[in-house]
Amino acid sequence: MKQIFYFIALLLVFGCKSEKKEAKPTQQNTKSSSIDYAKGFTLKKTADDVTIIELTSPWPNAEASFTYALVPKEKVGTINLNKTNFDAIIPVPINTVVLTSTTHIPALEALNELDKLTGFPDTEYISSKEARKRIKNGQIIELGNNETINTEMVISLQPDLVVGFGINAQNRAYENIERSNIPVVYNGDWTEETPLGKAEWIKFFAPFFNKEKEAAQIFSDIEKNYLSAKQIAKSAPHRPTVLSGAMYKDVWYLPGGNSWAAQFINDANADYLWKETTETGSLSLSWERVLQKAKNAEYWISPSQFVSYEDMATSSEHYKQFDAFQNKKLYTFSSTVGETGGLLYYELAPQRPDLVLKDLIHILHPGLLPEYEPIFFKPLQ
């Protein structure tokens, strides 16, 4: 599933990884790389130039970590690594890779390594214009869907690496791929709870291509832009109230107070009405409780997949009772789609939180960024 953020918001039960022995590199002298916001992985470089990646949060509530060793190709065979200490040992730089989530694509594109992508499940969800050209040219092969990825096609491609994601440790497809001597590494960018934490995962991809310096500079620019926009938002004379989410069947799902989405609203200097809650994922409430608290909210951000007021009213008459609906103050990212209908927000927003924040500042504080053209969030039709 490529619409990973909507999937996470509705996910109620997470599997847990069984305990395994913690990896211990044979090299004694290691130097940690700077990871300032991301909590889900660490990077260390040994004296032999082996990069050790420890993935501490492959999915929520994982009980143990994964550890990967990235060995320079020219040193393969000369460095003695205990294979039992690692979940995968990968010669780098890699020349070909299979990805499994659209959130992985912007990192490769920013690093100028998109040409290494040879296969992807559910290519229709990809919005990147450059990636779509490569799909049309047959340079990125369709591999079925992520839940039942076509392992035979993956094996026939013989990629240097498969980057996967999961909600628990049970994935037979990945196990079959690994048995064919194709390394699989998990990526847990979606478990991060802060905007800059998600964006920093470009540093996870960089060592596979020997692009650590480039990734550090890319992230530094994003960080600088984000913090600058946050500072601009602080100058707003008014802090508007904000509602988010919508109903699925009879349950209203909206961001928890410690979630990624809630932090965007807070950093845009707005008053998210559920900011006091402690959940890092979604809240599940009745529409009555939401109406009681947010009837007079000035803005309504991210009303699920809706793109028009008519669609919302048809779905539920309850929506009409909110001031933001009556005053036409709803904004959605669901109308910003790629060539084949994939939502750009799900793909690019984790990599470019600075753009998301500027979108929200432009909406919530008209006049602060008068020349800015929103990328993701647009008014409901």
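Tutor: Start with a definition. The radius of gyration is taken over C-alpha atoms, and the globule rule is 2.2 Å times the number of residues to the power 0.38. Keep in mind that this is a predicted model.

Student: What radius of gyration does the protein have, beside that of a compact globule with 381 residues?

Tutor: Apply the rule to 381 residues. A compact globule would then have a radius of gyration near 21 Å. The protein agrees with that, and its own value is 22 Å.

Student: What box do the C-alpha atoms fill?

Tutor: Take the box along the principal axes. Its dimensions are roughly 70 × 40 × 40 Å.

Student: How many helices and strands are there in the protein?

Tutor: Count each kind of element along the chain. The helices number 14. The strands number 20.

Student: What share of the residues is buried?

Tutor: A residue is buried when its relative accessible area is under 20%. Apply that to the 381 residues of the protein, and the share that counts as buried is 54%.

Student: Which residue is the bridge partner of Trp300 in S19?

Tutor: Strand S18 covers residues 299-301, and strand S19 covers residues 330-332. The two pair in the parallel sense over two bridges. In S19, the partner of Trp300 is Leu330.

Student: Which residue in the turn between S2 and S3 has a positive phi?

Tutor: Strand S2 (residues 41-46) pairs with S3 in the antiparallel sense, over five bridges. The two form a hairpin, with four residues between them. In that turn, the residue with a positive phi, about 70°, is Asp49.

Student: Is Lys211 buried or exposed?

Tutor: Lys211 is found in the loop between helix H7 (202-205) and helix H8 (212-233). Leaving out residues up to four places away in sequence, Lys211 touches Leu111, Asn112, Glu113 and Ala206. Its relative accessible area is 16%. The cut-off is under 20%, so Lys211 is buried.

Student: And Arg289, is that residue buried or exposed?

Tutor: Arg289 lies in helix H10 (residues 287-294). Its relative accessibility is 53%. The limit for that class is over 50%, so Arg289 counts as exposed.

Student: How far apart in space are Arg289 and Trp252?

Tutor: Along the sequence, 37 residues separate Arg289 and Trp252. In space, go from C-alpha to C-alpha, and the distance is 9.3 Å.

Student: How far apart in space are Leu368 and Ser235?

Tutor: Leu368 is found in the loop between helix H14 (353-364) and S20. Its contacts beyond four places in sequence include Ile232, Ala233 and Ser235. Leu368 and Ser235 are 133 residues apart in sequence. From C-alpha to C-alpha, they are apart by 8.4 Å.

Methods
Residues numbered from 1 in each chain as written. Predicted model: local features only at pLDDT ≥ 70, side-chain atom pairs only at ≥ 80, totals over all residues. Heavy atoms only, no water. Buried < 20%, exposed > 50% of the residue type's maximum accessible area, 1.4 Å probe, protein only. Pairing = 2+ DSSP bridges. Contact = heavy atoms within 4.5 Å.
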